[in-house]
Amino acid sequence: VPFDIKETRKRIEQSYIGFSPNTTNIKPVHLANGMFRRLLGTAYDTRCLFQFVFVAKNDGSIPRGHELQKVYDELLHADRLNDGVTSQHVEALRPTLLKIVSADRPSAVSTGGMESYSAGFAGFVSNDRIAQDGGEFLALWLQQHAPPFADLVRATIVEGDDPITVLAQPLLGDPIPARMQIEQPEQIACLRTTAAPSIQQHMAALAGPAVHLARHLEQHPNKLVRLRMAILLGGFLLVRYLADLEQLYVPGRERIRPALLLDFSPDEHPIHLASQLSYVFVCQSITRFYAWLFTDYLTSTFDTSELQRPPSYGTDANAQQLCAEVWEAARTEVQQQDASPWALGQAIYDIIALQSEATPVQYLRQLGIRCGLFWPPYNLYPNKHLAPRQDLLEVLVRSVTSPGDVLDLRELQDRLWATYGIVIGGRTDDLDLLLGQEINQADDVALAQNQAAFAERLRDLSFARLLADGVLEVQIGSSWI
Amino acid sequence: MTKAQQRLIYAVQQRDYRDFELVRPHLARHMAEAYDVPDNHRLLRLRANPQAQLRIDYDLFRLLHQAEQGLPALLLQPDLTRRIWQFLEQLTDRARPQDRDVNISILDTATGEQLMVTVDTEEKAYVTIQQRER
């Protein structure tokens with residue numbers, strides 16, 4: 001066996017991509033915890049908080065050490081309760097505090113392991129191991145290419161005066177050494193200073209909006225809003241980054257960037273199908289990138305004779321049988337005249353799709369749903385369309401503008417296209433752009449209607465007003481205070 | 001939807017109703033002589049910071065009316081409710097000095113349960129925890 005896919009996948013991904021999109025448990029709360037921990041360079045002891053909020057397991061049993069009397073006695077002993085506070089009072093607060101700090105339903109709360117908290121203070125940053133590397137990668141990337149954004153987030157998470165922090169303050173512990181999920185950040189290809197100039201430029205350009213957003217956020221009076229918007233942008237940037245990987249790395253694909261067609265139209269509108277297709281093309285782009293990625297790894301690591309034998313996937317005999325079958329089919333394909341040069345890489349992706357917890361496409365889907373970009377959120381509908389929630393839309397608009405900017409709708413859409421590859425419709429070249437990407441379900445009329453619906457959403461956000469001459473003016477609030 | 005059922009509202013600051021004003025937008029006089037502007041909304045805004053404002057048009061008025069009548073949060077239009085959250089988020093007074101004892105009000109919108117918690121931020125201790133049922 002030349003190599004084990006399960007063992008090497010993460011290493012290959014961390015080196016090429018920076019993190020491993022190998023779970024469907026990705027949620028903003030995990031992104032935030034990983035990002036904060038990397039920015040702070042430390043974690044905090046959250047055992048007391050966990051003991052307080054985690055009242056019972058799913059089966060109703062109470063974990064050892066989490067019994068009400070024990071929790072109450074320990075708090076009393078540590079002088080965390082004044083005289084008038086009884087165990088009944090503590091009992092009332094525990095489930096309420098759990099609802100607050102698990103608002104984003106972090107994965108491990110029900111399993112009793114380490115966990116991430118829906119909160120915005122350093123004292124909540126834990127050594128959680130679930131889906132943390134995406135957040136860590138964001139921190140590394142934005143520290144390098146958007147320092148004002150990283151500085152703002154770091155400064156905000158050490159402010160301890162928000163309601164959640166004050167409420168949990170008696171339960172927060174001391175700093176502890178951080179355990180990072182990305183062990184060798186210097187190995188991330190796209191963040192190395194020796195990376196190709198085009199890659200460095202792309203990473204810098206995609207991080208640019210974070211600097212714009214930071215200018216807006218530093219004026220917002222509410223620190224939790226600042227952090228929530230920062231994480232929303234982080235989630236969206238990861239989606240765009242994953243959709244850009246093929247363009248970033250694969251020779252001959254440098255000019256091809258899958259468009260993100262945002263859908264603001266009612267159900268059954270042609271835009272709906274067109275937006276779905278733009279989602280499908282993003283997924284296909286990621287799959288192609290992976291086929292190339294594994295092919296590149298195989299050709300640079302093994303010689304042809306070593307690739308006669310199939311790789312393995314763990315120790316399970318059935319998995320080994322499957323690997324052998326898929327590999328044999330791929331090798332047969334390679335010997336044909338018109339074979340894809342990436343056939344063996346595609347075989348590895350196929351094995352991952354059949355055996356692993358999650359493919360990169362499933363990761364992308366969950367991330368997009370959780371950051372409010374993809375809809376609907378139900379598994380019954382695997383093909384999503386891109387219908388951004390209001391809060392994400394607000395973040396996107398702010399991230400391509402400066403505070404106080406006044407611009408017309410066309411200029412705003414131009415910026416969204418140039419920065420994120422976002423298409424909405426209504427501009428003269430939008431139809432050609434979409435047809436060029438083989439998205440042909442929406443005509444000029446449908447696109448114009450989608451643009452009108454977009455303008456309406458901007459008005460709902462108080463970003464837009466229709467002037468007497470019919471021009472829609474977009475004004476981005478200069479100040480929140 | 002479980003998320004809506006789980007929604008909690010918490011606050012550490014109180015705003016008096018006299019901090020707000022309700023204004024009717026109108027054009028400058030020389031413009032008003034030339035144009036008719038539809039009288040279709042009001043602005044609720046903070047006197048000290050007019051940028052913290054809520055546009056109350058017929059859609060929002062209807063939503064608030066439905067909420068008052070008891071329509072579940074799940075059935076309220078998310079785009080419109082977002083406007084309200086956006087407004088509430090702007091009401092934080094960043095310059096307000098933090099007292100040693102901080103009172104936090106928590107409302108569980110699903111159960112109606114209310115908690116009033118006072119935390120001594122210097123001693124890092126719970127001073128009082130009071131529970132109220134709706």
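## Terms and model

A residue counts as buried when its relative accessible area is under 20%, as exposed when over 50%, and as partly exposed in between (1.4 Å probe, protein chains only). With that in hand, both Tyr297(A) and Phe302(A) are buried.

This is a predicted model, in which local features need pLDDT of at least 70 and side-chain atom pairs count only at pLDDT 80 or more, while totals for chains, interfaces and linings use all residues. Residues are numbered from 1 along each chain as its sequence is written, chains are lettered from A and ligands numbered from 1 in the order in which they are written, and side-chain values use heavy atoms, leaving out hydrogens and water.

## Aromatic pairs

Over all chains, the structure holds 26 aromatic pairs. Rings of Phe, Tyr and Trp (its six-membered ring) pair if their centres lie within 6.5 Å; planes under 30 degrees apart are stacked, over 60 edge-to-face, and the rest tilted.

Among them is the tilted pair of Phe19(A) and Phe137(A), at 5.3 Å centre to centre with 40° between the planes. Phe19(A) sits in the loop between helix H1 (5–16) and helix H2 (28–40) of chain A, and Phe137(A) in helix H6 (residues 133–145), 118 residues apart. Helices here are DSSP runs (H or I, at least four residues), numbered from the N terminus. Both Phe19(A) and Phe137(A) are buried.

Tyr297(A) and Phe302(A) pair edge-to-face, at 6.0 Å and 85°.

## Confidence

The complex has an ipTM of 0.86 and a pTM of 0.91 from the predictor. For chain B, the mean pLDDT (the predictor's confidence in each residue, from 0 to 100) is 83.

Definitions and conventions: Helices (H or I, at least four residues) and strands (E, at least two) are DSSP runs, numbered from the N terminus.
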